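Here is a short report for a reader meeting this structure for the first time. Keep the sequence and the model in view while reading.

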2 protein chains.
Amino acid sequence: MKLYDCATAPSPRRVRIFLAEKGLALPRVEVDLRAGEHLRAPFRELNPHCTVPVLEVDGTALCSTAAIWRYLEEICPEPPLLGRSALEKARIADLQWRIESEGFAAVAEWLRNAAPGMKDRALTGPRDYAQIPQLAERGRKRAEQFLHWLETQAASAAPYLCGEQYSVADIDALVCIDFARRLHLELPPEAGATRRWYALAASRPSASA
Amino acid sequence: MKLYDCATAPSPRRVRIFLAEKGLALPRVEVDLRAGEHLRAPFRELNPHCTVPVLEVDGTALCSTAAIWRYLEEICPEPPLLGRSALEKARIADLQWRIESEGFAAVAEWLRNAAPGMKDRALTGPRDYAQIPQLAERGRKRAEQFLHWLETQAASAAPYLCGEQYSVADIDALVCIDFARRLHLELPPEAGATRRWYALAASRPSASA
């Protein structure tokens with residue numbers, strides 16, 4: 001088993017935090033995204049979608065965080081990070097989907113359509129797509145809305161986003177907030193519940209992974 | 001347990017096919033999206049994200065297909081649609097993520113930014129977002145690329161997209177292809193493996209759900 005990683009990218013950090021919570025260590029290969037290593041062979045032959053993280057298992061390349069988490073949860077069930085009961089598993093899956101599609105997607109839409117260094121890289125993957133300025137603006141608005149939603153979630157469940165148990169929902173939201181900070185988007189002043197939750201999640205040793 | 005459904009929308013169909021494969025029947029509530037029922041109380045109080053499907057379970061509203069599938073798989077494991085072994089589960093999660101983020105997302109981006117009836121409804125949810133013509137064009141290109149990727153997948157695994165076992169990857173891809181047809185995007189001429197797989201998946205009784 002081998003993890004293709006990148007120390008500065010948000011999604012690989014989601015896997016590193018997950019591994020730290022499980023107490024697992026894997027052989028790592030650092031992929032230099034700035035040098036375009038992900039767009040060339042040999043990495044591109046491993047993952048034609050040209051993204052990290054990738055977990056290589058018995059000749060299979062798992063190319064999404066969701067798939068990597070699922071595999072690791074199955075082979076190392078304790079502590080469970082994808083839930084215990086049927087309803088808890090489903091609630092965590094719901095939060096995971098929400099944070100990914102409205103949090104990560106919004107911040108990425110904003111960053112990739114605004115950053116001068118990402119010209120023609122408005123989407124990840126092997127193909128170039130031009131930046132669309134309206135999309136940068138839309139991404140910013142959506143990211144702000146996401147933080148408002150997160151506050152209602154943090155206010156309705158404690159101490160963690162899904163209740164008593166720390167889960168991938170906490171990993172996702174923590175990494176997403178830190179990702180948004182790169183664009184100087186901070187938690188809004190009224191986000192008291194989010195702040196309390198963030199302090200707790202960020203104080204876990206895994207957060208530095 | 002109650003399913004909030006819409007007969008004409010693609011994501012609720014993913015849940016209906018899943019239920020049919022499990023041999024389950026649930027009480028259904030039809031939500032009239034054309035009349036804007038999803039944007040008003042009482043539905044909006046159930047799901048502030050204003051989307052279908054929603055599965056209501058013991059006072060909890062599960063508001064994403066992923067969460068609903070996870071819950072149903074846990075309470076009714078046979079036949080498994082999210083995989084058997086750790087690696088199969090992970091490979092299915094990987095396909096599911098890919099089809100959702102590159103297939104569904106692309107077709108939705110195209111449709112919602114192009115259809116005259118979707119003016120200011122470029123995204124699902126409670127807020128209006130203006131259409132962006134460049135995004136309609138980008139969505140179309142991405143949907144075409146998705147079909148090329150799907151052909152490589154269908155050519156590498158048979159008879160189903162993840163191999164011997166029918167899974168949610170097949171449900172997702174079937175519904176996505178039918179969704180793209182609304183925009184008159186057909187399978188490319190060279191997509192022989194996809195055609196063989198599609199004929200098989202579409203011939204299952206669940207496909208008419």
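## A covered helix in chain B

This is a predicted model. Start in chain B, with helix α6. The elements that cover the buried residues of α6(B) include α1 (10-22), α3 (65-75), α4 (86-114), α5 (133-156) and α7 (192-202) of chain B. The helix itself runs over residues 168-181. It has 14 residues. From first C-alpha to last it reaches 20 Å, close to the 20 Å expected at 1.5 Å a residue.

Most of α6(B) is covered, with 12 of its 14 residues buried. Among the buried residues are B:Val168, B:Ile171, B:Leu174, B:Val175 and B:Phe179. The buried set also includes two aspartates, B:Asp170 and B:Asp172, as well as B:Cys176.

Now turn to α6 of chain A, residues 168-181. This helix has 14 residues and spans 20 Å between its end C-alpha atoms, close to the 20 Å expected at 1.5 Å a residue. Is α6(A) enclosed or open? Of its 14 residues, 12 are buried, so α6(A) is largely enclosed by the rest of the structure.

A:Ala169, A:Asp170, A:Asp172, A:Cys176 and A:Ile177 are among the buried residues of α6(A). What do the buried residues pack against? Their partners are α1, α3, α4, α5 and α7 of chain A.

## Two domains in chain A

Chain A splits into domain 1 (2-75) and domain 2 (86-208). Taken over C-alpha atoms, the centres of these two domains of chain A are 20 Å apart.

The two domains touch. In chain A, 13 residues of domain 1 are in contact with 11 residues of domain 2. On the domain 1 side, helix α1 (residues 10-22) of chain A gives the largest share, 7 residues. That side of domain 1 divides into 8 nonpolar, 2 polar and 3 charged residues.

## Where the chains meet

How many residues of chain A are in contact with chain B? There are 28, and they meet 28 residues of chain B. On the chain A side, β4 (60-62), α3 (65-75), α4 (86-114) and α5 (133-156) each supply at least two residues.

Helix α4(A) gives the most to this side of chain A, with 9 residues. By type, the side of chain A that touches chain B holds 15 nonpolar, 4 polar and 9 charged residues.

## The sheet of chain A

Chain A has an open sheet of 4 strands. Their order is β2-β1-β3-β4, and the pairing is mixed. Which strands stand at the edges? They are β2 (28-30) and β4 of chain A. Each has a single partner strand, so one side of each is left without a neighbour in the sheet. From one strand to the next, the twist averages 20°.

Look at one pair more closely. Strand β3 (residues 54-57) of chain A pairs with β4(A) in the antiparallel sense, over 3 bridges. Opposite A:Val57 stands A:Thr60, in β4(A).

## Backbone exceptions

Most residues other than glycine have a negative phi, and most peptide bonds are trans. Some places here depart from that pattern. A:Asp58 is not a glycine, yet has a positive phi of about 45°. It sits in the loop between β3 and β4 of chain A. A:Asp58 counts as exposed because it has 6 C-beta neighbours inside 10 Å. A:His184, also not a glycine, has a positive phi of about 65°. This histidine, A:His184, is in the loop between α6 and α7 of chain A. With 6 C-beta neighbours inside 10 Å, A:His184 counts as exposed.

One runs from B:Val52 to B:Pro53, with omega near 5°. B:Pro53 is placed in the loop between α2 (43-46) and β3 (54-57) of chain B. Another joins B:Ala158 and B:Pro159, with omega about 0°. B:Pro159 lies in the loop between α5 and α6 of chain B.

## One arginine in chain A

A:Arg195 lies in helix α7 (residues 192-202) of chain A. Its 14 C-beta neighbours inside 10 Å are why A:Arg195 counts as partly exposed. The C-alpha atoms of A:Arg195 and A:Glu151 are separated by 8.7 Å. Along the chain, A:Arg195 and A:Glu151 are 44 residues apart.

How values were computed. Residues numbered from 1 in each chain as written. Chains lettered and ligands numbered in written order. Predicted model: local features only at pLDDT ≥ 70, side-chain atom pairs only at ≥ 80, totals over all residues. Contact = placed C-beta atoms within 7 Å. Nonpolar A, V, L, I, M, F, W, Y, C, P; charged D, E, K, R; others polar. Expected span 1.5 Å × (residues − 1). Buried ≥ 20, exposed ≤ 12 C-beta atoms within 10 Å, placed from the backbone. Domains from an automatic or database assignment. Pairing = 2+ DSSP bridges. Axes fitted to C-alpha atoms, helices over the stretch in contact; angles between N-to-C directions.
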